[in-house]
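Me: I would like to learn how to read a helix and a chain contact in a structure. Could you take me through an example?

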Amino acid sequence: MRITQGCFSFLPDLSDAQISAQVEYMLSRNWAVSIEHTDDPHPRNTYWEMWGNPMFDLKDAKGVMLELDDCRKAHGQSYIRLQGFDSTRGFETVMMSFIVNRPTVEPKVHMQRTDVDGRSQRYAWDVRR
Amino acid sequence: MTDATAVDEAPARPATVDLAREYESSGVAQVLRELDAELIGLAPVKQRIRETAALLLVDRARRDMGLAHETPTLHMSFTGNPGTGKTTVALKMAGLLHRLGYVRKGHLVSVTRDDLVGQYIGHTAPKTKEVLKKAMGGVLFIDEAYYLYKPDNERDYGQEAIEILLQVMENNRDDLVVIMAGYADRMDRFFSANPGFRSRIAHHIEFPDYSDDELLRIAETMLANQHYALDPAGRQAMADYIAQRRTQPHFANARSIRNALDRARLRQANRLFETATGPLDAAALSTITEPDIRASRVFRGGLDVDRAAQG
């Protein structure tokens, strides 16, 4: 199942040129760009593993793309996302986040329905391969 | 599909090129004019930069016409004594390359050995990469580059930084330009010990020492920028100072002059404090006079430690 989350999630996967252009946009807004990866794309899994520190003080998207290439080499079969963090007072948050790499065979998000307290129902989701 | 659109959108190649107009419109002319106006002396350096700019302009025209495809090697080495304007020229060079479209952003990242080489195993590579990432799209200026290589210590981590640098200089020629700077003789030794650098650096530019006359003009420009001026006797004292200072150790051309002027301003302020009896006008506040400069230790044979060392 195709996992969708973050920006551009209903578009086809971005090409490297397109990713690069998005990074240029983030840098033009003075956001710190960070790369994160995970093998568990569950929507409640907010904290992905960090690939190095967030990159402050970059001027050009190429620096991010070099790191992304390294990350893809090491975690080609994981989900990788780019995030733009805005440190401006009052925002101090992730302004943009999008997936740039996904495994060839994506896991399914499986829904589990359970009966509790008589006829009440509870739903739970988990990622299954 | 992508092929078809690419063909459709490809701009028509120009059949002719007006170099003079390109020269003006690209902003190269402006950078070179600034270089001429702001930097005193350095005639051979300016000449080399003008030649390089001409080469790059022609090369760009050739690329527009489809005659060349390779990015030319732009890595450079600046050799010369301290205080001869290497960093300043590197800054101008970054602007020049940016106007010509050879670097995308045109910023200058200035580093030394400490910024590239780590303290322990596994520390160097991330540190060097961090610097390289910051320099992407601009110019990486490595001051005193020969410190990267220490032949007497074969386990020195500098070698690791050199290997990463060489790799990036080769693979990311479109993304950044590396300028290495340092003393001429030590850079020569550095390049002969690391032949990889020599072959990857296309432009070697030598910075000559300034003449006494040029240094005096530099001193006056520096003062004028801070709204100070020398009176005629002060000017003569400064000329004497430059001639004396040159013969003493640790002479660093324009940098020595800047330091001397800082100290002269200090003495001027003290003098005004001690001698002023009434209100002072703007001219008094901004004039450096003879005693402000003559009080320098340079006229008494330099620093005590240096005199002791000379014995």
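Predicted model: local features only at pLDDT ≥ 70, side-chain atom pairs only at ≥ 80, totals over all residues.

Reply: Residues are numbered from 1 along each chain as its sequence is written, and chains are lettered from A and ligands numbered from 1 in the order in which they are written.

Me: Which residues of α3(B) are buried?

Reply: An α-helix has 3.6 residues a turn, so residues three or four places apart point the same way. In α3(B), B:Val28, B:Val31 and B:Leu35 are buried (20 or more other C-beta atoms within 10 Å of the residue's own; exposed means 12 or fewer, partly exposed in between, with C-beta atoms placed from the backbone). They lie on the same side of α3(B) because they cover an arc of only 65° around the axis, taken from the directions from the helix axis to the C-beta atoms.

Me: Which residues are exposed on the other side of α3(B)?

Reply: Those are B:Arg33, B:Asp36 and B:Ala37. B:Ala37 counts as exposed because it has 8 C-beta neighbours inside 10 Å, and its place is in helix α3 (residues 28-38) of chain B, helices being DSSP runs (H or I, at least four residues) numbered from the N terminus.

Me: How many residues of chain B are in contact with chain A?

Reply: Nine residues of chain B are in contact with eight of chain A, contact meaning that C-beta atoms, placed from the backbone, lie within 7 Å.

How values were computed. Contact = placed C-beta atoms within 7 Å. Helix = DSSP H or I, 4+ residues; strand = E, 2+ residues; numbered from the N terminus.
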